[in-house]
Amino acid sequence: MSGPRTPSARVDVCIVGSGPAGAVTAATLAERGHEVVVLEAGPRFDFADRQRRMERHLRPAHGWTDVWDMGGPRDAYTSSGTVDYPLNTTRVKGVGGTTLHWLGLTPRFHEKDFEMESRYGLGTDWPISYADLRPYYAEAEREMGVAGSEDNPFAPPREASFPMERFPPSYSDSLFAAACEELDIAVHSVPQARNSEPYDGRSACQGWGTCAPVCPSGAKYDATVHVRKAEEEGARVVDRAPVQRLEHGPDGERVEAAVYATPDGTEHRQEARQFVVACGGIETPRLLLLSKSEQYPDGLANSSGVVGRYLMEHAFAGTNALLLERTEQHEIGFITSESHQFYDHEEPTPGSIKLEFFNYAGPSPLDLALGDGRWGTDLQEAVDFEFGNHLQIGALVEQLPDPTNRVTLDTDETDDHGNPVPDVSWDVGDHAVASLERAQSVQRRILSSMDTQITGQTDVHHPGAARHPAGTTRMGTDPTDSVVDHRLRTHDLDNLTVASSSVFPTSGAMNPTLTIVALALKAADHLDADL
């Protein structure tokens, strides 16, 4: 239930955003005795409503964005890049943020992801190493509840077993594994923030099969877990309170207040000693750009001019095929096998590739009927041939930071509060295209060895985005080409921290959420020391 939306008296920490970074930071600091207020742009969703949202997802009258009520003037944006960027499918505005609809995969970045310039002369190095983040990775796995196994020979070193046992491979995984063994390609399990057994007061996975975009049981981690823990420790979470801008003091060295709006249109100022922006890879730079002032005419914390620049995504490569036997690839809802064999590359290009073996049965009978207009005997024949013997291999590939890939403000279009909407300009780049081509070559090799009929592949020049935006307020040691330092504090203002994938200097080809949470835990330690 939503509480009053008037501001608290000056608190220790004001956090903007209640996704994984904001929620974990809030819970950590509240547990240590600090007074915390979280401002969330979207509503508080009722857990009991999740089954209805799942049903909405399954019915053809509703699209992906309908599940969590995305769209309309509140969520308006433009996309001016070479490749269309579907922003509203990447995010959820509401308490819990984008983890309400994420798939739940939680691999760690590899050592080389932190050392791209040193190793390959590409991109830039992080100001921290894998070793610096390693203990926070372990803490993040415990906090979220990660099921996994130490069967991945390519994984970076770890200090302890996973909190829970892995999920077993599916039947179709065994078909892929047999083919890959003949080709000397290693297949292994996938770490994921999904309960394989009861954990942290939540049930084991109940097999609903709709993990993205909604888990009705709560077995898959989402940030409401840490929102609840934060509130139990006294933190205050204010929903439907979109922050309009941050205001700094007269010397421009410290933020004084977050100005937020309430549903009745009233604006309030929440004052705090420390501020954390945790709005994701797009809304974080947008908020800083909206907070321009006389001292910061190009946007708050933007003396470098790079706020919004260096947007990275994981381009997706996919290959589909039909096998003339049952694959049993019915919708499990998540991936149970991968291969990281092509991740730690020797040469600069092609870059990292993470192969994913999907549990996907092919187009549903409804999709076949609606898509091709087939009914009766024709539909039955299509279902017999195309459903249950479909195979799909996907891949995430590495994209390099490029200053022309960026988030800016589109002053020609405004949101429901009259603010310029974010404009996302994204292109793939030659490095990612070469990596996509390499990924598809490996995929074709595997599927051809299985005597399949390949039915389609991703256009490498116009691939889908994996919905992992990063890099737009990047971390670095040089204030002239980065926004935050090694502890995620902005170079320009000494009480403003950014906890988000937006601080990634490079993005590798691994799902980002575990790294987001690990960095948030690290930032919380620094904030706790300051307070």
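## Surroundings of Thr 452

Apart from residues up to four places away in sequence, Thr 452 touches Ala 321, Leu 322, Leu 323, Leu 391 and Leu 447, where contact means heavy atoms within 4.5 Å. This is a predicted model, in which local features need pLDDT of at least 70, side-chain atom pairs count only at pLDDT 80 or more, and totals for chains, interfaces and linings use all residues. Residues are numbered from 1 along each chain as its sequence is written, and side-chain values use heavy atoms, with hydrogens and water left out.

Thr 452 sits in the loop between helix H10 (430–449) and strand S16 (453–457); helices (H or I, at least four residues) and strands (E, at least two) are DSSP runs numbered from the N terminus. Its relative accessible area is 17%, so Thr 452 is buried (under 20% relative accessible area; exposed is over 50%, partly exposed in between; 1.4 Å probe, protein chains only). The Thr 452 side chain also reaches the backbone oxygen of Leu 447 at 2.9 Å.

## Helix H7

Helix H7 (residues 280–290) is largely enclosed by the rest of the structure, because ten of its eleven residues are buried. Among them are Gly 281, Glu 283, Arg 286 and Leu 290. The buried residues of H7 pack against strands S1 (11–16), S7 (243–248), S9 (267–277), S14 (406–414), S15 (420–425) and S18 (496–498).

## Nonpolar cores

A nonpolar core is a set of buried Ala, Val, Leu, Ile, Met, Phe, Trp, Tyr and Cys residues joined through side-chain atoms within 4.5 Å. The largest has 83 residues, of which Val 36, Leu 39, Leu 246, Leu 496 and Leu 519 touch the most other members. Helix H11 (residues 513–530) supplies the largest share of this core, ten residues.

Beyond neighbours within four places in sequence, the contacts of Leu 496 include Leu 246, Val 255, Phe 275, Leu 288 and Arg 489. A second, separate core of 36 residues includes Ile 185, Phe 357, Leu 391 and Val 397.

## Cavities

A search of the whole structure gives two cavities of 30 Å³ or more. A cavity is a set of points on a 1 Å grid over the protein atoms alone where a 1.4 Å probe fits but cannot get out, and lining residues have an atom within 4 Å of a point. The largest cavity holds about 80 Å³. It is lined by 14 residues, and Cys 205, Trp 208, Gly 209, Cys 211 and Cys 215 are the closest to its centre.

The second largest cavity has a volume of about 30 Å³, the space filled by probe spheres set on grid points joined across faces, edges and corners. Its lining includes Lys 112, Asp 113, Glu 398 and Thr 506.

Technical notes:
A polar contact is a pair of N or O atoms within 3.5 Å; within protein, one must be able to donate a hydrogen and the other to accept it, and residues adjacent in sequence count only if both atoms are side-chain atoms. On a 1 Å grid over the protein atoms alone, a cavity is a set of points where a 1.4 Å probe fits but cannot get out, and a pocket is an open set with protein on both sides within 12 Å along at least five of seven lines; lining residues have an atom within 4 Å of a point.
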